[in-house]
Amino acid sequence: MSNRTLILVKPDAVKRGLVGRIIQRFEDKGFKLLDIKMVEMNREMAENFYSVHKGKPFFENLVSFITSGPVVAVIMEGRNAIDAVRVMIGSTDASKAAPGSVRGDFSLGLTDNSIHASDSEESFTRETAALGMQ
Ligand code: CMP
């Protein structure tokens, strides 16, 4: 059970002006923000951030999307943070995400699905390093 996690508000949600509303949900739930940063990821950062997906058919599309505009990265702390936040963001394919989840309420995309959250402690460590946080 890890008490810290990272979320990324993705370029589609930043462009649509959803940053505040998305982060508000995690504060409302009880998470404490430890660090927040707006970042324009370059290709190298994106490849490191998403290195576990290298070689998958959607990798190029994913890298080009995540580098298409600024993202907002937030490190937050709270009980069982990794699992609790994964529940709150909803299914990867936003068109199938449950209402009440971030993706379920704000998006329809698979690539442009508005938010990412760490799925393990190893991912959290890799992702924060790729962003130059921590
Ligand atoms: P994310 O949680 O950021 O982790 C990897 C991302 O790859 C995922 O959200 C999706 O936005 C994106 N992606 C694009 N196509 C696919 C796919 N076919 N399967 C899984 N993830 C995909």
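Visitor: Is Thr128 buried or exposed, and what is its relative accessible area?
Guide: Welcome! This is a predicted model, in which local features need pLDDT of at least 70 and side-chain atom pairs count only at pLDDT 80 or more, while totals for chains, interfaces and linings use all residues. Residues are numbered from 1 along each chain as its sequence is written, and side-chain values use heavy atoms, leaving out hydrogens and water. Buried means under 20% relative accessible area, exposed means over 50%, and partly exposed lies in between (1.4 Å probe, protein chains only). Thr128 is buried, with a relative accessible area of 3%.

Visitor: Where is Thr128, and which residues does Thr128 touch?
Guide: Thr128 sits in helix H7; helices (H or I, at least four residues) and strands (E, at least two) are DSSP runs, numbered from the N terminus. Contact means heavy atoms within 4.5 Å. Leaving aside residues up to four places away in sequence, Thr128 touches Leu6, Ile75, Met133 and Gln134.

Visitor: Within what arc do the buried residues of H7 fall?
Guide: H7 covers residues 121-130, and its buried residues are Ser123, Phe124, Glu127, Thr128 and Ala130. Seen down the axis of H7, they line one face of the helix, because they fall within an arc of 155°; the arc is that of the directions from the helix axis to the C-beta atoms.

Visitor: Which exposed residues are on the face of H7 turned away from its buried side, and what do the buried residues of H7 pack against?
Guide: The face turned away from the buried side carries the exposed residues Glu122 and Ala129. The buried residues of H7 pack against E1, helix H3 (43-49), E3 and strand E4 (115-117).

Visitor: How many residues of strand E3 are buried?
Guide: Strand E3 spans residues 71-77. The strand is largely enclosed by the rest of the structure, because the buried ones among its seven residues number six.

Visitor: How many bridges join E3 to strand E1, and how many join E3 to strand E2?
Guide: Two strands pair if DSSP finds at least two bridges between them. E1 (residues 4-9) runs antiparallel to E3, with six bridges, and Thr5 has Met76 as its bridge partner in E3. E2 (residues 32-39) also runs antiparallel to E3, and Val39 has Val71 as its bridge partner there. The bridges to E3 number six from E1 and seven from E2.

Visitor: Which residues of helix H2 are buried?
Guide: H2 takes in residues 19-29, and its buried residues are Ile22, Ile23 and Phe26. They fall within an arc of 90° seen down the axis of H2, so they line one face of the helix. On the other side, Gly20, Arg21 and Asp28 are exposed. The buried ones, then, are Ile22, Ile23 and Phe26.

Visitor: What does the side chain of Asn61 make a polar contact with?
Guide: Asn61 lies in helix H4 (residues 59-66) and is partly exposed, with a relative accessible area of 43%. A polar contact is a pair of N or O atoms within 3.5 Å; within protein, one must be able to donate a hydrogen and the other to accept it, and residues adjacent in sequence count only if both atoms are side-chain atoms. At 3.3 Å, the partner is the side chain of Thr111.

Visitor: What is the phi of Ser114?
Guide: Most residues other than glycine have a negative phi. Ser114, in the loop between helix H6 (102-106) and E4, is buried, with a relative accessible area of 0%. Although Ser114 is not a glycine, its phi is positive, at about 75°.
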